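Please find below some notes on the model, written for someone opening it for the first time. They go element by element and can be read alongside the viewer.

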Amino acid sequence: MNKAIPLVTREGSRIAIIDGLRTPFAKQATAFHGIPAVDLGKMVVSELLAKSGIDPAEIDQLVFGQVVQMPEAPNIAREIVLGTGMRVSTDAYSVSRACATSFQAVANVAESIMAGTISVGIAGGADSSSVLPIGVSKSLARTLVDVNKARTLSQRLALFSKLRFRDLLPVPPAVADYSTGLKMGDTAEQMAKSHGITRQQQDELAHRSHQLAAKAWEQGWLDSQVMSAHVPPYKEVLERDNNIRFDSSIEQYARLRPAFDRKHGTVTAATSTPLTDGAAAILLMSESKAKTLGLKPLGYLRSFAFAAIDVWEDMLLGPAYATPLALERAGLALNDMDLIEMHEAFAAQTLANIKMFASQQFARDKLGREQAIGEIDWEKFNVLGGSLAYGHPFAATGARMITQTLHELRRRGGKLGLTTACAAGGLAFTLYFTADDIGIITIDVPDEKVNTLKAEFAEQIHGILHTAQQHANLKGLIFVSGKKDSFIAGADISMIARCQQASEAEALAKKGQQVMAQIASFKLPVVAAIHGACLGGGLELALACHSRICSLDDKTQLGLPEVQLGLLPGSGGTQRLPRLIGAAKALDLMLTGRSLRAKQARRMGLVDDAVPQSILLQTAVELVRKGHQAERALSYKDSIMQGPLGRAVLFHLVRKQTRAKSKGHYPATEKIIDVVHIGLTQGSGNGYAAEAKAFGELVMTPESAALRSIFFATTALKKDFGAEAEPLTINKVAVLGGGLMGGGIAGVTITKAGLPVRIKDINQQGISHSLKYSWDLLQKKARRGYLKRAELQRQMMLLSGTTDYSGFNQTDLVIEAVFEDLELKQRMIREVEENAAQHTIFASNTSSLPIHEIASCAARPEQVIGLHYFSPVDKMPLVEIIPHAKTSAQTIATTVAFARKQGKTAIVVGDSAGFYVNRILAPYINEATRCLIEGETIEHIDKSLMDFGFPVGPLQLLDEVGIDVGTKIIPILAAAFGERFAAPKELDAIIRDDRKGRKNSRGFYLYNSKGRKESNKQPDPSIYGLLNVTPKNKQTSQQIADRCVALMLNEALRCLDDGTIHSSRDADIGAVFGIGFPPFLGGPMRYIDSLGADRLLKNLQALQQQFGERFAPCEGLVSRAENGQKLYS
């Protein structure tokens, strides 16, 4: 008790509460229908002044709150001052803190008195749920602004024509948390489930509240605290609260249905505070001022505290956090209190807070205290009833509670009272409860960050199911994960890779099928409670369960991504998924390998429900208690698609579309279609057999081996920081240059890394351009429902801009993204070293200039490094990290760690012209342009390389990068490595014609500015005239692909041998993620191994004879061919 903080003025005068008053509280659209909150506020303050007898001129300050604000009266406090006879110079301002608003108003006035800036103040709040700011949609609002600026009728009509019917619908305010979108009732349901609050307990608290409130009115105990309200048209007077049930009986409550969670809920309308209209105000002053005016205080303010907590769970647990603070500051304990008044937003919330008051575990884990504050004495608790009975005008409730507590203390002869309330915008504690006789199967693979299904899993689950069956009173089983944010990430890929022949892989699939069949045939309900990644074999296990519940967390994703490894789901997924959600949707998921978020999965029928993580297990328990549920019927459309005629059409279309996309390079897609078709036409037994056989065959394909090699390579790369040093922590980042690259770098830094970014540009326009880049990306996510508006705004607030170096003194990393000019970049280093901290790392986003030359002028060259991003930054996953000879190990490790935090795949490459990716890309694109000059058509060249497996052709790629940017590096490479990098001179004509590619809508293709779809680009035939060639295809697609790819492979080997790239692994990752080298080939090095060095050597020698010395095989290839040496052992 030695931490007491006295609330007194500088002269030692206490904060006196002279009196308080409120209007009667009226249910929505009853007695105060049509009366705005500002008028209710004027009414109560005017009456308080009159009742107290104080001269309005004595009021120095009025602090008033309103939660549901009216646009026409944004400062309710000022309007009250002007409408109640106080001096116009009276300080007045408004506050809002959700349900604790008038508590905040009281605290603010008290602080002003303590500071000595005022002597007398009024605090309070008012809200009306009957007069609401009904808004319009954002589309309509924007259109109305634009219409106001339009000059002609036709312009106005054109603007209105873009609106849809739904844009015209009114938008009422929601009783929900802005950041999470959660309704308060949803949070109450979560708290009831998390804290084990039963329906009966909630009903009993509501009944008690109404009984005590009714008694308080009948005994006349509230008469002096509540004014009689006369409102227009002055036909009736309201003297009592009209929500109280004077005839409350417990039986009435039991008949009500849940109000928020209709299926599993316990919170009803009766155990929730109703929407209410009302106002309340409190008169405060210093104790000395009260003596001067001859006023006797009701009481004194001893202490106050507010607590901010998390918003996703237990949002209304504020009292459990704030009360210990308030008691500590007062030097008091809970049992010292004569009365305890807690806001009853919901019965569930109230009872949960009471539980936490007494919880030792909560005190230790959440509050960091050795002892809980103690049990509530019900003889002291809400003795006149609470908000469940009186109602809850959001901003007025706190003032009601303070006034009511002080009057009751005086009536009883008590001394100390506590008032406490929850408010939207906070949250924290999760406690899981399980029922007896329900088996909880926890999946927790030892020593692994995520769960993966291993070979021994089959025996383990068999044993668990056998044990469960022996339990006489078993009601059902629930699968949960012991990992924090992962259910099951899939099968152990290394287990699959160890298979030496198809029969071994087929046996693995059959074993998985048997386990899933055991789960599916279990006689009692089996539920999968999914939080985090549920992918591949993890989803197959969930599909085998009778029901699936998943969390509404962003980390929760469900999918069957096996096709990305050249495989198909092998443990029954190809058979169960189509029967659950329909063949069309199932094929889409399996052929694309895409993942679903929780709400998408629920809409698709993949899961039965999606709930907050905190009630995930409890919801699963309730589902088990209900017993076996009827199987979900397919929609009419899905049923038709699985009938004979619909099925024939569906599979014909799916095969056609899949072959057009895969171009025959991904055998897994054909197998998936075949296996699903067999299951639907020949029965699931044949389907399972076909699935296992196909799985075994696919494991042995070179495509799957190549795709798995990329998976293993990227997994290994995550543990490699490029140097033997501990990375420094990056807290603040700056970007030089607000162009396309600078904007993209800033964007991924705020969205992925979550770090603040300071953008410097030579003018404000450049800064705006960079901010818009991030804004557009975030807006797109928000429109798709992937990002809440509050989170969008939070992320945008991480961005700031400057035209000087202000704010750079605490920056840990500066990324330069200015023009490719050596002198300019060197000047940037000098200026950063002058203005940034001593430890600041300088990273250049150069695409071609050697880093050692950029760093040659640096005072701290050990902190200079290259950090090469690819455009567009938000989509391209690769970055190249380029240290020079003097770059420190810690700078390398820190930069690699930072790039990974941005969500990038980072490879460390050597400091030479073009680095790695651009160096192997340049000869590939050069050769494509030579084919064009020889007369091959644009579309034939690009199609040839796309048929080979690249995502886009080389000429389109040059358009996307920018012809001006892409060709600028060629002279640098030619100067460094010789004539093999020289571009055809004919390309100068294209550059002179101001063809920059997509960015100015003309390059090798002409682009429609309306979008990025393939249909919006067409080959530009005028190119041929510029090049003075007659287009005619003479070479086959294979011949064109062989020419272009051979040069890339040859240069990749040179890079490996001269140290530009440190390993075959990094070379393959760089090519696959940097330029889209066909992943089913595993990257250039694996492709060389699969071709054989001797075969590639012969191909290059033949091309050398035909086209010249640029095809001369490198020495490393010659020696490997002679020795039969492979790049991968």
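**Notes on selected elements**

1. Helix H10 (residues 318–330) has 13 residues and covers 18 Å from its first C-alpha to its last, close to the 18 Å expected at 1.5 Å a residue. The expected span is 1.5 Å times one less than the number of residues. Helices (H or I, at least four residues) and strands (E, at least two) are DSSP runs, numbered from the N terminus.

2. This is a predicted model, in which local features need pLDDT of at least 70 and side-chain atom pairs count only at pLDDT 80 or more, while totals for chains, interfaces and linings use all residues. Residues are numbered from 1 along each chain as its sequence is written, and side-chain values use heavy atoms, with hydrogens and water left out.

3. H10 is largely enclosed by the rest of the structure, because 10 of its 13 residues are buried. Buried means under 20% relative accessible area, exposed over 50%, and partly exposed in between (1.4 Å probe, protein chains only). Among the buried residues of H10 are Tyr321, Thr323, Pro324 and Leu327. Their cover includes strand E10 (339–342), helix H11 (347–358), helix H12 (360–365) and strand E11 (417–420). Just after H10, Gly331 takes a positive phi of about 70°.

4. Helix H14 (residues 397–412) has 16 residues and reaches 22 Å between its first and last C-alpha, close to the expected 22 Å. Gly413 follows H14 and has a positive phi, near 80°.

5. How far apart are the end C-alpha atoms of helix H34 (residues 917–933)? They are 25 Å apart, which agrees with the 24 Å that its 17 residues should span at 1.5 Å a residue. In H34, 17 of the 17 residues are buried, so this helix too is largely enclosed by the rest of the structure. H34 is followed by Gly935, with a positive phi near 115°.

6. Strand E22 (residues 757–760) is covered on both faces: Val757 and Ile759 are buried on one side, Arg758 and Lys760 on the other. In a regular strand the side chains alternate between the two faces of the sheet. Strand E21 (residues 733–736) runs parallel to E22 and is joined to it by 4 bridges; two strands pair if DSSP finds at least two bridges between them. Arg758 is the bridge partner of Ala734. E22 is also joined by 4 bridges to strand E23 (residues 799–802), again in parallel, where Ser800 is the partner of Arg758.

7. Leu680 lies in helix H25 (residues 667–682) and is buried, with a relative accessible area of 17%. Leaving out residues up to four places away in sequence, Leu680 touches Arg579, Ala583, Gln642, Arg647 and Phe651; contact means heavy atoms within 4.5 Å. Leu680 and Glu189 are 491 residues apart in sequence and, C-alpha to C-alpha, 41 Å apart in space.
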